[in-house]
Amino acid sequence: MKSIWTVPARWMLAAGVAFSGAAHAVEDLPGGPMVRQLNLPVGATRISEEQHFLHNVLLLLCFVIFVGVFSVMFYSIWKHRKSVGHKAANFHESVVVEVVWTIVPFIIVILMALPATKILVAQKDTTNADLTIKVTGYQWKWGYDYLKGEGEGLSFISTLDSSHRALSDAGAKGDVPNDYLLKVDNPLVVPEKQKIRIITTANDVIHAFAVPQFGIKQDAIPGFVRDTWFRAERTGDFYGQCQELCGKEHAYMPIHVKVLSAADYTAWVDTKKKEAAAKQDDPNKVWTLPDILARGERVYAANCAACHQANGKGAGPIKPLDGAAVVLDADHTKQIHVLLNGQNNGAMPSWKQLSDTDIAAVISYTKNSWSNKTGQLVQPAEVLAQRGK
């Protein structure tokens, strides 16, 4: 005889398959979240592997305790029920029982605490690092500064890829990539099998730097310096996200860590240093309007268009730049200070991590785009003069 649940179950399964197919086919992302993932990732570091093992062992131990305790309880209730003639005993305490239920839990706690403490101590041991990187949380992007080790002196900002932001604004319709909202313009690059110390801080509000595959999560707090570490055992791309609610763009603050072989990492460092040297700008250089507008357009697309939109109209609480008084003002000082220091309690974040030339370029671009045809030009020296004021 067929179960009465067979037909409804089939219909529910068919509906689920149809719905999932109608949305879009999603596949596992190597180094990131898996489809229908329920457990912790095994990970790419020894720490994450030990966390995964400890989690499973403790979960099994808790299950055994649950089954044991409730089995004894239900057996006692059933075996000694009143309907079969048993009468409740009248006693107060049993020294044997009290000793047993004190010693056994104590032993269980010790067995759980020893491996957990070992892993916890290992997680906090950031000594003898091969490479030290400062990670700064911004609303809503990450700044990476290579402080010590191979690559020392490199520094860059990592933001969500603009095409993914546009896809999200359009409702994530059509063919959605597996790395949706995890792709960035500049990933954090590190070598494999080397100890990487991560120093975290923040520029505005509390963020959290977390990469599940590495078994790390460290808050980034303004005015404080905290640290963690990892050693990736294999090459590949690994993903994480800010795991502290940090404002309206919190969902658009991904982390992409690219782990390379030692030789490939050395080649990457050489390339980035050459690029950094080529990008060194003289803040006293006098720019022409066409040249600075071309640069400003690139800076705006990479950093500003996500909020103010490509057309400069803004959205919701985001103020428009097209026709804005501060943009049209012939006195450039106020707009320079807005970019350097932010405003409205962080609703407009500080962009002082940009170079003087980039800030001058993007201001010049806003003053001469859309309906803002002012013909005004801001030179990098003007921005340099306002830093720190």
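Guide: Two strands count as paired if DSSP finds at least two bridges between them. Strands are DSSP runs of E with at least two residues; helices are runs of H or I with at least four; both are numbered from the N terminus. The model is predicted, so local features need pLDDT of at least 70 and side-chain atom pairs count only at pLDDT 80 or more, while totals for chains, interfaces and linings use all residues. Residues are numbered from 1 along each chain as its sequence is written, and side-chain values use heavy atoms, with hydrogens and water left out.

Start with strand 6, residues 207-211. Five of its five residues are buried, so strand 6 is largely enclosed by the rest of the structure. Buried means under 20% relative accessible area, exposed means over 50%, and partly exposed lies in between (1.4 Å probe, protein chains only). In a regular strand the side chains alternate between the two faces of the sheet. Here both faces are covered. H207, F209 and V211 are buried on one side. A208 and A210 are buried on the other.

Now the partners. Strand 6 runs antiparallel to strand 7 (residues 216-220), with five bridges joining them. H207 has A220 as its bridge partner there. Four residues separate the two strands in this hairpin, and G215 takes a positive phi near 70°. Strand 9 (residues 236-242) is also antiparallel to strand 6, joined by two bridges. F209 pairs with C242 of strand 9.

H207 leads on to Q139. Contact means heavy atoms within 4.5 Å. Not counting residues up to four places away in sequence, Q139 touches D204, V205, H207, C246, G346 and P349. Q139 sits in the loop between strand 1 and strand 2 (141-148). Its relative accessible area is 8%, so Q139 is buried. A polar atom of the Q139 side chain lies 2.9 Å from the backbone oxygen of C246.

Strand 1 (residues 131-138) and strand 5 (residues 196-202) run parallel, joined by seven bridges. G137 stands opposite A202 of strand 5.

One more place, for contrast: S371. This serine lies in the loop between helix 10 and helix 11 (380-386). Its relative accessibility is 52%, so S371 counts as exposed. S371 touches D322 and G323, not counting residues up to four places away in sequence. The side chains of S371 and D322 make a polar contact of 2.4 Å. A polar contact is a pair of N or O atoms within 3.5 Å; within protein, one must be able to donate a hydrogen and the other to accept it, and residues adjacent in sequence count only if both atoms are side-chain atoms. How far apart are S371 and I196 in space, C-alpha to C-alpha? The distance is 49 Å, and they are 175 residues apart in sequence.
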